[in-house]
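I looked up one matter at a time and wrote down what I found.

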Amino acid sequence: FSLGLCFRKGCGVVADNSEAAKWFRAASEQGHVKAQFNLGVCFRKGYGVVADDAEAAKWFRAAAEQGQAVAQNILALCFKDGHGVVTDQAEAAKWFRAAAERGHAEAQFNVGVCYLFGEGVVADKAEAARWFRAAAEQGFAEAQFSLGLCFRKGDGVVADNAEAARWFRAAAEQGDGKAQFNVGVCCLFGDGVVVNKAEAAKWFRAAAEQGHAKAQFTLGVCLRNGSGVVADEAEAAKWFRAAAVQSHAEAQFN
């Protein structure tokens, strides 16, 4: 396995993905869990071998069955999307949970999604919120945003705009565009925070610059009306146009 890593990274040898894959396979066939995972990556990405989703899934499963959380999460994604295996949402949920119970933040988020939408499990919003919180507390931005939505809507938790705003901000500060837009909305209308139009415009701009169409339109409105920013018709038109290109109906009208 270690020699495989040397060839993968070019440590003390000339980098050579074919040699890396060869040595990963040698270790994998002896049950080395990290080698099995890395061999799966080789087959998924075509590193030193012909890309083969079925072979990738086979090796991810070998590592997953030894309890490697990263492999369990990836194997679950294989079952969710039908990469190298027959699509099976129940199997996906099973492997997401296995990884989640080992503390894998992305898997915890994915288990939450399963429970929210009833994918491979019986829908349960309280269970969804529980797993979103587990991932959110590890700093996983998508889970922080999703937990914010749970508190905004009262899905699986008691509705609480202040908690919603807190989790939206946590995700927004990591660059999540949807969360940035929602922080802007909170600041604009005083949902869980004190009204602050300048702060709202700041967050709308942050999301708009990432291509979020609603944020682009709303920033345009702020600039047209001088809400939280100095009014600027030309700048407003620029953001209306950006949103309109993404088929935002109100922006197209403006």
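**Entry 1: Helix 10 and helix 11**

I began with a crossing: helix 10 passes helix 11 in a left-handed manner. I noted that the model is a predicted one. Helix 10 covers residues 161–172 and helix 11 covers residues 177–189. Their axes lie 8 Å apart, and the packing angle is about 140 degrees. That angle makes helix 10 oblique to helix 11.

I then listed the residues in this contact. Helix 10 contributes A165, F168, R169, A171 and A172, while helix 11 contributes A179, Q180, N182, V183, C186 and C187. Sorted by class, the contact of helix 10 with helix 11 holds eight nonpolar, two polar and one charged residues.

Next I looked up V193, which is found in the loop between helix 11 and helix 12 (197–208). Is V193 buried, exposed or partly exposed? Its relative accessibility is 32%, so V193 counts as partly exposed, since that class lies between the limits of 20% and 50%.

Leaving out neighbours within four places in sequence, I found V193 in contact with A165, C186 and C187.

**Entry 2: Helix 8 and helix 9**

I turned to helix 8 (residues 125–136) and helix 9. They pack at an angle of about 140 degrees, with 8 Å between their axes. Helix 8 and helix 9 are therefore oblique to each other, and helix 8 passes helix 9 in a left-handed crossing.

Which residues meet here? On the side of helix 8 I recorded A129, F132, R133, A135 and A136; on the side of helix 9, A143, Q144, S146, L147, C150 and F151. The contact of helix 8 with helix 9 divides into eight nonpolar residues, two polar and one charged.

Not counting residues up to four places away in sequence, Q144 touches A136, G139, W167, A170, A171 and Q174.

I followed W167 to one further residue, D81. The pair is 86 residues apart in sequence, with 29 Å from C-alpha to C-alpha. D81 is in helix 5 (residues 69–81) and counts as partly exposed, because its relative accessibility is 43%.

**Entry 3: Helix 7 and helix 8**

I then examined helix 8 against helix 7 (residues 105–117). The two axes come within 8 Å and cross at roughly 165 degrees. Helix 7 is therefore roughly antiparallel to helix 8, because angles over 145 degrees fall in that class. The crossing of helix 7 and helix 8 is left-handed.

In this contact, A105, Q108, F109, V111, G112, V113, Y115 and L116 of helix 7 meet K125, E127, A128, W131, F132, A134 and A135 of helix 8. I counted the classes in the contact of helix 7 with helix 8 as 11 nonpolar, two polar and two charged residues.

Is W131 buried or exposed? W131 lies in helix 8 and is buried, because its relative accessible area is 6%. Apart from residues up to four places away in sequence, W131 touches R97, A100, E101, Q108, V111, G112 and Y115. Between W131 and Q72, which are 59 residues apart along the chain, the C-alpha separation is 17 Å.

With the same exclusion, F132 touches F109, G112, V113, L116, A143, S146, L147 and C150. The largest nonpolar core has 76 residues, and F132 is one of the five that touch the most other members, with F37, F60, F109 and F204.

Where is A123 found? A123 is in the loop between helix 7 and helix 8. Beyond residues up to four places away in sequence, A123 touches Y115, L116 and G118. A123 and G112 are 11 residues apart in sequence and 9.8 Å apart in space, C-alpha to C-alpha.

Note on methods. Residues are numbered from 1 along each chain as its sequence is written. This is a predicted model: local features need pLDDT of at least 70, side-chain atom pairs count only at pLDDT 80 or more; totals for chains, interfaces and linings use all residues. Side-chain values use heavy atoms; hydrogens and water are left out. Contact means heavy atoms within 4.5 Å. Helices (H or I, at least four residues) and strands (E, at least two) are DSSP runs, numbered from the N terminus. Buried means under 20% relative accessible area, exposed over 50%, partly exposed in between (1.4 Å probe, protein chains only). Axes are lines fitted to C-alpha atoms, for helices over the stretch in contact, and angles run from 0 to 180 degrees between N-to-C directions. Angles under 35 degrees count as roughly parallel, over 145 as roughly antiparallel, 65 to 115 as roughly perpendicular and the rest as oblique. A crossing is left-handed if the near helix is turned anticlockwise from the far one by less than a right angle, and right-handed if clockwise. Ala, Val, Leu, Ile, Met, Phe, Trp, Tyr, Cys and Pro count as nonpolar, Asp, Glu, Lys and Arg as charged, and the others, Gly among them, as polar. A nonpolar core is a set of buried Ala, Val, Leu, Ile, Met, Phe, Trp, Tyr and Cys residues joined through side-chain atoms within 4.5 Å.
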